[in-house]
Amino acid sequence: MIPVTDVNFVVVQSDHTDLRALIEHLDIDLKQRYPHENIYGVDFEDPKVREMIFVVGYLNEKPVGCGGLRPLDDLHLMTPAMELKRFYVDPNSRKMGIATNMLLFLEEKAVVSGYREIRLETGIKQPEAIALYVKHGYQPIDLYGPYVGDPDSLCYGKVL
């Protein structure tokens, strides 16, 4: 594990160059794992993308991770919720605590923004992601929204 002080998390806009480059790497990874399946990305052309919170993690000034939070508009939710999106750490920077620290950073951003729950979707072929979420208190929940009926999707949630 690297010291938290060695990683700098910066909130960025959706058009940030480092964010977009990391998301491209994430998409490449996902397409290798799920070559014929739908990749649930973010529509950066949608005006609602401005409601999202994006973060890029830097280690020695190099972008090594990213993640986003999207407000969920579902009126049936018991508490105001955000969805974790586009969460990724570069493979060369894994097993250093970056994902844990970035997840905690985003959880704090959600709380400060008035949200009390985070939901997420991950895939059955991403055991490292599943382990991270479970380790940090995320529990399996029913598939929701666009993930309903997708046999490769798993959804998790956590009350903050």
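This is a predicted model: local features need pLDDT of at least 70, side-chain atom pairs count only at pLDDT 80 or more; totals for chains, interfaces and linings use all residues.
User: Why is the contact of Arg86 with Asp27 called a salt bridge?

Analyst: The term requires a side-chain nitrogen of Lys or Arg within 4 Å of a carboxyl oxygen of Asp or Glu. For Arg86 and Asp27 the closest N and O atoms are 2.0 Å apart, so the pair meets the cut-off. Arg86 belongs to strand S4 (residues 81-89) and Asp27 to helix H1, so the bridge ties together parts 59 residues apart in sequence. Helices here are DSSP runs of H or I with at least four residues, strands are runs of E with at least two, and both are numbered from the N terminus.

User: What makes Arg86 buried?

Analyst: Buried means under 20% relative accessible area, exposed means over 50%, and partly exposed lies in between (1.4 Å probe, protein chains only). Arg86 has 7%, so it is buried.

User: How do you know that Arg33 and Glu128 are paired, and which parts do they tie together?

Analyst: Their closest N and O atoms are 2.7 Å apart, which makes a salt bridge. Arg33 lies in helix H1 and Glu128 in helix H3 (residues 127-135), so this pair ties together parts 95 residues apart in sequence. Arg33 is buried at 18% relative accessibility, whereas Glu128 is partly exposed at 38%. There is also a network of salt bridges that links Asp29, Arg33 and Glu128.

User: What makes Glu107 and Lys158 a salt bridge, and are they buried or exposed?

Analyst: The N to O distance between their side chains is 3.2 Å. Glu107 sits in helix H2 and Lys158 in strand S7 (residues 153-159), 51 residues apart. Both residues are buried. In total, the structure holds 6 salt bridges.

User: Why is Val111 called partly exposed?

Analyst: Val111, which is in helix H2, has 30% relative accessibility, so it counts as partly exposed. By contrast, Thr122 in strand S5 (residues 117-123) counts as buried at 3%.

User: What makes Asp43, Glu45, Asp46 and Glu51 a patch of negative charge?

Analyst: Patch members need over 30% relative accessible area and no salt bridge, with like charges joined within 9 Å and nonpolar side chains (Val, Leu, Ile, Met, Phe, Trp, Tyr) within 5 Å. Asp and Glu count as negative, Lys and Arg as positive, and His and the chain ends are not counted. Asp43, Glu45, Asp46 and Glu51 gather in such a patch on the surface. Glu51, in the loop between helix H1 (17-33) and strand S2 (53-59), is partly exposed at 41%, so it passes the area cut-off.

Technical notes. Residues are numbered from 1 along each chain as its sequence is written. Side-chain values use heavy atoms; hydrogens and water are left out. Accessible areas come from the Shrake-Rupley method with a 1.4 Å probe; for residues, only the protein chains shown count as cover. The place of a charge is taken as NZ of Lys, CZ of Arg, CG of Asp or CD of Glu.
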